Amino acid sequence: MEAVKREVCLEDLPGPKSQGELEEMKVPYEEYCRKLFAPGREFEKPESLKGIRWLSCTMYIFTPHSVANLAELGAEVIKIEVPRMGEPMRHTSPFNEVYLYPMHDSRPMTGTGFGYMNANPNKYNITLDYHRPEAQEVFYRLVKISDGLTECYRPGTFDRWKQSYRYVQEINPRFIYVWGGGFGYGPKAFGASYDILGQAHAGLASTTGFHEDFGGHPAKHSNWVIDWYSGTQITVAILAALNWRRKTGLGTMIEFSQVQAATRCLGYGVPLYHRFGIVRQRWGNWDTQLCVHGIILCGKSDYPDEKNPQLKYDARYVMVSAFQDEDFKELCAVINRKDLFDKYHTHKQRLAPEAQMEIYKALEEWAADKTRSEVAKTLSDAGILAMPVMNDKEVYECEHYRQRGTIRWLEDPTFGDVLVQGGYSCGLMSETPRRVKWIWRTLGADNVKIYHDLLGYPMSQLQEWYEKGII
Amino acid sequence: MCDIIWCRKCNTVNYLDPYYFWNWEGKTKCAECGTVYYIHMIQGFMYRGPEERPGEEPDILPLYADKPYEGYARYMPGTEGRTRPYQCTPRDIYLGKPDPVKFSIRGKPVRGWAPQPPSTGVLGSYGWKWDIEKLSPDVWQEYQEKIKRGEVSDW
C-alpha cells in the first residue's frame with residue numbers, strides 16, 4: 001500500500017523540531033512573567049469591566065474604595081458629591097498639611113487632601129444636592145442608564161429620599177444597589193461607621209498590641225485597614241452580583257455592615273471562646289501559633305545620622321521566622337544559645353508563653369549591639385527567614401516593587417507628578433490589567449460631561465442649577 | 001506582672017514603654033506624686049520592687065502615665081518633669097498647616113500650592129489638562145532650569 005503523501009511536512013512547520021529544541025525555546029518563567037505583565041504597558045490592553053457604569057454616592061475610604069476597585073478595572077464610575085464642598089475626605093489630610101490644588105473655583109485656597117488618595121482614581125466627578133426636588137429626576141435618569149450604585153448614608157436615608165433599592169428597582173430591575181455602613185439593620189442600626197469603630201466593635205483591637213502586663217494597650221492599626229478591607233469585600237460582592245445578573249437578568253441589594261465584615265479577620269478568636277470559654281489575649285509582635293515567628297528589636301539604627309526620628313530611632317526592627325525544628329536549631333547556633341534548642345527542641349515547647357519570653361529576650365540580647373541590616377543579613381545567610389520591618393522610604397526605594405511596577409510615578413492630567421501604588425498592588429492580570437488613569441478629579445469637573453453630554457440637559461439649565469446650588 | 005509601676009499612693013499607673021523595659025533594673029519616678037521607685041524586671045515580671053527610694057534621683061522618667069480610677073486621666077509623653085519625651089514624633093517639619101510645594105521629590109511639577117489660576121471651564125469646574133507652560137509659566141520656567149541643572153530624575 002502506498003503511503004499517503006502529506007501536504008505539509010511536520011519539519012516544515014514553524015516551532016521546535018525536537019524535544020531538546022522545545023526545551024530550549026521555552027521562555028524561562030521570569031522572562032515570561034516580565035513579558036506577560038510588562039509594567040507600564042497596561043494601557044495597551046483591554047479593561048475587564050469596560051461597559052459597566054456605576055454611581056458612587058460615597059464618602060471617606062470604605063465605600064469609595066469599593067467603587068475604586070471597579071474604576072481601576074475599567075468601569076465608568078460617576079462620583080456624586082455635595083456642591084461647592086465635596087465629600088469630607090477631600091478635607092482630611094495627614095497632619096492637615098498635604099493638599100493638591102485646585103478643588104473648585106468657589107474655594108480658591110482649598111485643596112484636596114492626600115487622604116482622598118487611592119479611593120477615588122479614574123472616577124468622573126459630578127456634584128448634586130439630593131435634597132432639592134430638581135435633583136430627583138436627574139438622579140433617576142442616572143439610575144436608568146447605570147448598572148449599580150454604592151451609597152454610605154445612614155440606614156434608611158436613601159429610602160426616605162425615595163432613592164433606595166425598592167424604589168430604583170422599579171425603574172431599573174437590573175440595578176445592583178449597595179449600602180455600606182457601620183452596623184446595618186439591627187439594634188444598632190443608626191450607628192455611624194468609621195474604620196476605628198470596625199476595629200473596635202469587631203474585637204480586632206482587643207487582640208492587637210502587647211498585653212497590658214507588658215505595658216501594652218489594645219492597638220488599632222495606624223492606617224484605616226478595615227476601611228480598605230471592607231471596601232474590597234464589597235467589590236467581591238458586586239462582582240458576584242454582576243455574574244448573577246448575567247445569568248438571571250436581575251439586580252441585587254448588597255447590605256454591608258463594616259463592623260460585621262471585620263469579624264471575619266478575628267480568625268480563631270470567637271470559635272476559641274465557644275470551645276473553651278477563653279477570651280483571646282493580645283500577644284503583640286509574637287505569634288500564638290508559631291515560635292519563632294515575630295518582630296524583634298535591634299540595638300542600632302540603620303540610619304544613625306538621619307534627622308527624621310522615624311529613621312534615626314525606629315529603623316531597628318526585624319521580623320524573624322524560624323519555627324521549624326531545624327531552623328530554630330540554626331537560629332540558636334547563630335545567636336550562640338544552643339542551650340535554648342536543648343531546652344525547647346519541640347515546637348510545642350517553644351510555643352508556651354514562658355518559652356517565648358525567654359527566646360525573644362535572648363534574640364534581642366543578641367541583636368542589642370547590631371543594626372537591623374546586620375541582623376537580617378546574618379540570619380538570612382544562615383538560611384533563616386528574616387526581613388527588616390520596612391518604612392515608607394524603603395518601600396519607595398524597594399527595587400522589587402519598582403521592577404514589578406507596584407510603586408510608580410504618574411503624570412496626573414490635572415495635578416502633575418504624583419506617586420501611586422494603590423492600583424498596582426492588587427494582583428497582576430495578564431489580559432485585563434488594572435490601571436490608574438488619574439488620581440482624582442476636581443470637584444464637579446465632569447458636570448458638563450455627565451449632565452450635558454450624557455443626559456442631554458441644555459447648558460442654560462446647568463447654569464441655572466449651578467447658580468441655585470443644585471450642582 | 002508589671003503594671004508597670006502602679007503607685008499605690010496616688011493610684012497612678014506609670015508606663016516605661018516600650019517593651020524592652022521588660023528586662024530592666026533602675027529607678028523611675030511616679031508622674032503624679034514624684035515618688036521614686038526602684039524596680040528590677042526580668043522578662044516582664046517584677047523580680048524586685050517597686051521599692052520606694054526617697055531622696056534619690058530617678059534614672060529615667062516614665063513615658064506615659066494614667067489614672068484608671070479617675071476616668072483614665074493621663075500624662076502624655078513629654079510632660080515636663082513628669083514624663084520623658086516621645087522620640088518618634090512623625091517628623092520635625094510637620095507644620096500642621098498646608099505645606100506648599102511646586103515640585104515632587106524627583107523634581108517634576110506638582111500642583112501643591114494655592115491659589116491656582118481660576119478655571120477656564122464652566123460651572124466652576126476645571127479643565128481636563130494642566131498645561132503647565134500655559135497655566136503656570138513661572139513653574140514651567142523653574143522646571144526648565146531644574147532640568148538643566150540635572151535636578152530632575154526618574155525616581
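How many bridges join β9(A) to strand β10 of chain A, and do they run parallel or antiparallel?

Modeller: Keep in mind that this is a predicted model. Five bridges join β9(A) to β10(A), residues 317–321, and the two strands run antiparallel.

Three strands make it up, in the order β9-β10-β11 of chain A. The sheet is open, and its pairing is antiparallel. β9 (293–297) and β11 (385–388) of chain A are the edge strands, each pairing on one side only. On average, neighbouring strands of this sheet are turned by 25° against each other, direction ignored.

Next, the helices. Helix α15 of chain A, residues 353–367, lies across β9 and β10 of chain A. Its direction is at about 40° to β9(A). Helix α16 of chain A, residues 372–381, lies across β10 and β11 of chain A. For α16(A) the angle to β11(A) is about 160°.

Where does this sit in the chain? The domain assignment of chain A gives domain 2 as 285–397. Domain 1 of chain A comes in two segments, 53–264 and 420–468. The centres of these two domains, taken over C-alpha atoms, are separated by 41 Å.

Then the cores. The largest nonpolar core has 74 residues. Trp54(A), Leu70(A), Ala75(A), Val77(A), Ile78(A) and Val178(A) have the most contacts inside it. Helix α3 of chain A, residues 62–72, gives the largest share of this core, five residues.

Leaving out residues up to four places away in sequence, Val77(A) touches Trp54(A), Ser56(A), Val67(A), Leu70(A), Ala71(A), Asn122(A), Lys123(A) and Tyr124(A).

Last, a helix for contrast. Helix α19 of chain A spans residues 447–454, and its buried residues are Asn447(A), Ile450(A) and Tyr451(A). Seen down the axis of α19(A), these fall within an arc of 95°, so they line one face of the helix. They pack against β2 (76–81), β5 (123–127) and α20 (459–468) of chain A. Just after α19(A), Gly456(A) takes a positive phi of about 85°.

Terms used:
Residues are numbered from 1 along each chain as its sequence is written. Chains are lettered from A and ligands numbered from 1 in the order in which they are written. This is a predicted model: local features need pLDDT of at least 70, side-chain atom pairs count only at pLDDT 80 or more; totals for chains, interfaces and linings use all residues. Two strands pair if DSSP finds at least two bridges between them. Helices (H or I, at least four residues) and strands (E, at least two) are DSSP runs, numbered from the N terminus. Axes are lines fitted to C-alpha atoms, for helices over the stretch in contact, and angles run from 0 to 180 degrees between N-to-C directions. Two residues are in contact if their C-beta atoms, placed from the backbone, lie within 7 Å. A residue is buried if 20 or more other C-beta atoms lie within 10 Å of its own, exposed if 12 or fewer, and partly exposed in between; C-beta atoms are placed from the backbone. The arc is that of the directions from the helix axis to the C-beta atoms. Domain bounds come from an automatic or database domain assignment. A nonpolar core is a set of buried Ala, Val, Leu, Ile, Met, Phe, Trp, Tyr and Cys residues joined through C-beta atoms within 7 Å.
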